[in-house]
Amino acid sequence: MNRTQMLLLKLMEECNEVSQRCSKAIRFGLDEVQPGQEKNNEQRIVEELLDLFAVLQMLAVENILTSANMEDDKLLNELSNRSARIDKYLNYSKELGILKETE
C-alpha cells in the first residue's frame, strides 16, 4: 500500500467514525458521556471532524485531492453554497412533514 492509498483509507475511517459518533448522539444525546470516557458526544463529534479535516488537509497539501486546495475566500464561498443547499433540503423535509420544528 502506498501513501495515497493509506491516506484515502484513513479518510474513509474518519468518515465512519464521524458517522458512528453522530449515531450515538442521536441515540443517547449530545450531552451523554459514554462510560469510561471523559468527553460527551458533542465534544467527540468535533474531535472526529477535526481528524477528518486533518486528513483532508494532508490530501490537499500532498496534491492527492487537488480540488481541495482552495483559497480561503473560495472555500468560505463554497461552504456557504453547501450550507444553502442543505437548508433547501431541510426546508423540503419540513414541507413534507418529516422534519419537525421542535424535538
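This is a predicted model: local features need pLDDT of at least 70, side-chain atom pairs count only at pLDDT 80 or more; totals for chains, interfaces and linings use all residues.
Residues are numbered from 1 along each chain as its sequence is written, and side-chain values use heavy atoms, with hydrogens and water left out.

Trainee: How many disulfides does the structure hold?

Mentor: A disulfide is a covalent bond between the sulfur atoms of two cysteines. Here it is counted as a pair of cysteine sulfur atoms within 2.5 Å. The number of disulfides in the structure is zero.

Trainee: Is Cys15 buried, partly exposed or exposed?

Mentor: Buried means under 20% relative accessible area, exposed over 50%, and partly exposed in between (1.4 Å probe, protein chains only). Cys15 has a relative accessible area of 39%, so Cys15 is partly exposed.

Trainee: Which element gives the largest share of the lining of the largest pocket?

Mentor: A pocket is an open set of points on a 1 Å grid over the protein atoms alone, where a 1.4 Å probe fits, with protein on both sides within 12 Å along at least five of seven lines; lining residues have an atom within 4 Å of a point. The largest pocket has 14 lining residues. Helices are DSSP runs (H or I, at least four residues), numbered from the N terminus. The largest share, five residues, comes from α2.

Key: Helices (H or I, at least four residues) and strands (E, at least two) are DSSP runs, numbered from the N terminus.
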